[in-house]
Amino acid sequence: MSGFVHSQFSAGRAEKDSFAVKRARFAFSEADGRFSFKLQADAVIEPVLLDAYLESRLNESLKIRMGQFKIPMSAEALTPASKKDLINKYQFIGKMLPSKCRDSGVTASGEFPGNKISYSAGVFNGNGPNNKADNDDTFLYIARLSAKPTPSIKAGIGFAGSHEKVKGNSKIETSLLTAAPGFAPYKKRIAQADMEIKRERISLKAEYIAGTYKPDDSTIDEVDASGCGITGSYSVIPKKVTAVIRYEQYDPDKNVTDKNDVSWTTLG
């Protein structure tokens with residue numbers, strides 16, 4: 001059994017001064033040889049199921065996981081919340097990927113000899129976490145490949161695609177369907193890449209994600225969106241104090257330039 005809490009105090013011109021609990025999570029997991037399972041929930045407002053899956057480990061090269069869990073896209077999203085550089089993940093990830101970056105489905109994953117290359121491929125409902133069934137009888141297909149050529153360098157790429165008939169499950173898709181009710185059905189294609197370089201006390205991480213949303217109705221223009229971010233950190237006191245700087249951008253429609261094109265800078 002395990003758990004953790006992220007609490008915070010916020011103040012500024014754009015918000016009222018307040019205390020809040022960002023996360024309050026508890027988990028139960030168990031592994032017995034080739035089989036394991038995990039249950040995890042967040043209880044900030046009311047208990048919300050995050051993870052609930054079974055996993056069979058046939059060998060190092062093949063693991064089968066089924067249930068609700070994080071989709072294999074984005075190194076930042078796949079990093080446990082308790083081990084992230086900052087309390088929040090890249091904000092563009094929350095715009096373009098499903099709520100909490102989770103969904104229900106099945107994946108096959110593993111590492112090749114030498115543990116320098118790993119893979120993950122899966123099929124998901126495509127309608128986000130805590131939904132009893134698929135919302136439009138279509139699936140979200142995802143594949144990810146990661147490499148660790150040296151102990152100090154990691155890199156990964158991911159691809160996802162689906163044909164949504166009713167509605168999307170990310171903030172950008174919700175926005176598109178609200179602005180243009182005739183946007184659905186549509187095809188969704190997402191590509192993502194990330195890299196991390198570590199050297200002694202210094203760490204540099206970069207990530208990029210691009211999405212294309214193309215309606216079946218040819219009279220409606222497709223939308224291309226993108227987000228990118230870079231995070232640098234320096235261990236002031238090893239394993240105790242780390243200084244972090246982050247810059248990120250998000251463009252929900254590359255065909256236009258407006259107030260929705262945003263950027264963030266974070267110091268931590």
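This is a predicted model: local features need pLDDT of at least 70, side-chain atom pairs count only at pLDDT 80 or more; totals for chains, interfaces and linings use all residues.

Residues are numbered from 1 along each chain as its sequence is written, and side-chain values use heavy atoms, with hydrogens and water left out.

**Exercise 1. Find the residues of the largest nonpolar core that touch the most other members.**

Step 1: Start with the term. A nonpolar core is a set of buried Ala, Val, Leu, Ile, Met, Phe, Trp, Tyr and Cys residues joined through side-chain atoms within 4.5 Å. Buried means under 20% relative accessible area, exposed over 50%, and partly exposed in between (1.4 Å probe, protein chains only).

Step 2: The largest core has 27 residues, and Met73, Ile93, Leu97, Ile142, Phe183, Ile190 and Tyr213 touch the most other members.

Step 3: Now look for the elements that give two or more residues to this core: helices H2 (91–96) and H3 (171–179), and strands E8 (140–150), E10 (186–199), E11 (202–215) and E12 (223–237). Helices (H or I, at least four residues) and strands (E, at least two) are DSSP runs, numbered from the N terminus.

Step 4: Zoom in on Met73. Neighbours within four places in sequence aside, Met73 is in contact with Leu78, Leu97, Ile142, Gly158, Phe159, Ala160, Ile190 and Gln192. Contact here means heavy atoms within 4.5 Å.

**Exercise 2. Locate the largest cavity and describe its lining.**

Step 1: On a 1 Å grid over the protein atoms alone, a cavity is a set of points where a 1.4 Å probe fits but cannot get out, and a pocket is an open set with protein on both sides within 12 Å along at least five of seven lines; lining residues have an atom within 4 Å of a point.

Step 2: The search finds 1 cavity of 30 Å³ or more, and the largest cavity has a volume of about 70 Å³. Grid points are joined across faces, edges and corners, and a volume is the space filled by probe spheres set on the points.

Step 3: Of its 13 lining residues, Leu97, Pro98, Leu140, Lys188 and Ile190 are closest to the centre. E8 and E10 each give two or more residues to this lining.

**Exercise 3. Which residues lie nearest the centre of the second largest pocket?**

Step 1: This pocket has a volume of about 900 Å³.

Step 2: Among its 39 lining residues, Lys22, Arg23, Ile87, Asn88 and Lys89 lie nearest the centre.

Step 3: Strand E14 (262–267) is one of the elements that give two or more residues to the lining; E14 gives the most, with 4 residues.

**Exercise 4. How many disulfides are there?**

Step 1: Count pairs of cysteine sulfur atoms within 2.5 Å. The count comes to 0 disulfides.

Step 2: For Cys101, the nearest cysteine sulfur, that of Cys228, is 17 Å away.

Step 3: Cys101 counts as buried because its relative accessibility is 3%, whereas Cys228, at 29%, counts as partly exposed.

**Exercise 5. Is Ser170 buried or exposed?**

Step 1: Find Ser170 in the loop between strand E9 (153–164) and H3.

Step 2: Its relative accessibility is 2%, so Ser170 counts as buried.

Step 3: Not counting residues up to four places away in sequence, Ser170 touches Lys95, Met96, Leu97 and Pro98.
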